[in-house]
Each structure stands twice: as structure tokens, then as C-alpha cells.
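Dear colleague,

Please find the structure handed over below, with its sequence.

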Amino acid sequence: MTQGPVMILTDLLNCTIRIVLGAGELLAAECELASGPRGYGDKAEVDVEIEALLREELLAALDCDFWGEETGSTLTGAEYCWVVDPNDGTRDFLRGFRGTALSVGLLRGAEPVLGVVHAPVTNGRGPDCIAWCEGLAGISRNGQILKSSISTLQLGADSNVLVSTGALARPEVNAALCAPSVCLPMPSIAYRLATVAVGDGVAAVSVVPASAHDVVAGHAILRGAGGVLINQSGEPITYDSVAKLSKVSSRCFGGAPQACTVLVDRDWSQVFA
């Protein structure tokens, strides 16, 4: 990585991608254990192992503040802050779902300026790494730069709204809430946001409270594609306090601005009725 009076984020992004891909091998190997992944509920042993590795290597690449799901936080008021989820979607991971993801974002102040979301094991795609930073001329997906723009997309029968696997329990309700788009359940809000940014969907939804480690990386990648991330009130999600880092929203909607505006006004409480 090149450093100087002004940090070159594209150099840091390349370094971060290498770090995340290396750490992702631990998650992929965990999936291959004959006895299944270690852990229960929403706690997997590999999550702590991955975050410890990420923490060491990311701070070696850029020594700054750190906000992690598993190993705690160090907040000194530094200009930059790593925001890390070693395995977004742990509960689904332990239940055997594919598509959980390592999520590494970087805040400058309270603004997401870099994001890497890597799903080492997916349904059909193989390993999938999606990334962006300020200064990159498009979204990187598995080493290819895509000129992705979702800024003018709208809900339609030819598009997907990506929701959590909880939707599998109430398919008709979720289908109605996503209409006229197709409701597509998948693990990991981080991965849902990132795949929306490269055009796999028009919007991604989480109907449960989210923390910064869940969404900062995906939020950054959405920025690179002209997307937005808003909360249950339709307001932009921000990260300018410890309270907001801990809970950024009760529900969140990320993707094409017009689609998110429509979705946020629907009665998502129905999924819990």
C-alpha cells in the first residue's frame, strides 16, 4: 500500500482484498468439516479465529481505529476506522446455508469509503468477492471491474428484492411485500447489499436491528454503484456516534433509491405476525 499526505485508497483496497480472501479460506475449510461447522446458535468458533486474523493484518495495513463484532473495538477518534464482521450470517452458516460472508469496511470520519464483502462458499457462483473504494472506476467483482449503476432502477417483475432466509417461513407475506419484484431469500445482509450493487437485485432488506459491522462494507459498495442505505424511517444510515455504530437501524433498505423509498413505506411488521 502506498501512503503519503493523502492515502491512496485503491492501493489499500487491493491489500484488503488479499487479506480478506486469505481469511476466507478459514471459512471455506470450516464448511468442509465432516462434523459440520463448530458452534451453535449464532456463535461459531471460526468467527473469532477469522476476526483475530483480520484484525492483525488490517491494522498492519492501516493502523487506525477498529470496530469488530467478535474481538471488540478500539476507538480513539482516529480519522479512519476498520469495521469488521468475520462471518455475517453466522446462524445461517451453522444451519448449513451457503452465502454467508466476511465483511470489511473502512470509515473515514463517519463515511464509508472502502468495502470488501467476500462469500467464500455460495450456491452456484463459487467464491464471490465484491469490493469498492473511493477512486475506483467501478465495482470490483472477483477481480473484474464492473461499470455498475443502480441509481435509476425501480421495482419490477424482472428484478429481485433480496431478503433474509427468515422469509422462507412466510413466503406469501414476503412475496407481497417485495412485489412486483421477485422475493429472493439469502443469508447475510452484507452480501445482499454487495450483490445488489452489482445488479443481482434492485434492493436488499433487513427487518431486524443492524449494527455497523453488518452494513458498512455493503454501504460503501452501494455508494460506488449509485445506491443508498436507509433506515426504517427512510433516513440515510450514519455512523457518527458509538450508539449508531452499535445499532444503525431497526430495519434497513439498501439499493436503488426509488426502490428503497417504495419498500420502506410497506408494513414489514407483517413478517412477524
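The notes below begin with the overall fold, then turn to the pockets, the cavity and some details of the backbone.

Please bear in mind that this is a predicted model.

Overall fold

The protein contains eight helices and 15 strands. Its radius of gyration is 17 Å, close to the 19 Å that the globule rule gives for 273 residues, so the protein is as compact as a globular protein of that length. The C-alpha trace spans about 50 × 45 × 35 Å along the principal axes. Of the 273 residues, 52% are buried. Among the contacts with a separation of 6 or more, 60% are between residues 24 or more positions apart. The exposed surface comes to about 11400 Å², and carbon and sulfur atoms supply 52% of that area.

The largest pocket holds about 780 Å³ of space. It is lined by 35 residues, of which Gly89, Asp92, Ser164, Ser206 and Val208 are the closest to its centre. Several elements each supply at least two residues of this lining: strand S5 (80-88), helix H3 (90-94), helix H5 (189-197), strand S13 (203-206) and helix H6 (212-224). Sorted by class, the lining of the largest pocket consists of 12 nonpolar, 11 polar and 12 charged residues.

The second largest pocket holds about 290 Å³ of space. Its lining has 17 residues, and those closest to the centre are Asn123, Leu184, Pro185, Met186 and Tyr191. Strand S12 (182-185) and helix H5 each supply at least two residues of the lining here. Helix H5 also supplies at least two residues to the lining of the largest pocket. By class, the second largest pocket is lined by eight nonpolar, five polar and four charged residues.

Enclosed space

Rolling a probe the size of a water molecule over the atoms shows where empty space is left. For this model, the count is one cavity of 30 Å³ or more. The volume of the largest cavity is about 40 Å³. Its lining is formed by Leu27, Cys31, Phe93, Phe97, Arg98, Gly99, Thr100, Pro120 and Val121. By class, these are six nonpolar, two polar and one charged residues.

Backbone details

Alanine 179 and proline 180 are joined by a cis peptide bond, with omega at about 5°. Proline 180 belongs to the loop between helix H4 (171-178) and strand S12.

Serine 188 is not a glycine, yet its phi is positive, at about 70°. This serine 188 is found in the loop between strand S12 and helix H5. Is serine 188 buried or exposed? Its relative accessibility is 5%, and buried means under 20%, so serine 188 counts as buried.

Asparagine 142, likewise a residue other than glycine, has a positive phi near 50°. Asparagine 142 sits in the loop between strand S9 (139-141) and strand S10 (144-146).

With kind regards

Note on methods
Residues numbered from 1 in each chain as written. Predicted model: local features only at pLDDT ≥ 70, side-chain atom pairs only at ≥ 80, totals over all residues. Heavy atoms only, no water. 1 Å grid on protein atoms, 1.4 Å probe; cavity = no way out; pocket = protein on both sides within 12 Å on 5 of 7 lines; lining within 4 Å. Points joined across faces, edges and corners; volume = space filled by probe spheres on them. Helix = DSSP H or I, 4+ residues; strand = E, 2+ residues; numbered from the N terminus. Nonpolar A, V, L, I, M, F, W, Y, C, P; charged D, E, K, R; others polar. Rg over C-alpha atoms; globule rule 2.2 N^0.38 Å. Buried < 20%, exposed > 50% of the residue type's maximum accessible area, 1.4 Å probe, protein only. Contact = heavy atoms within 4.5 Å. Areas by Shrake-Rupley, 256 points an atom, 1.4 Å probe, with all protein chains shown as cover.
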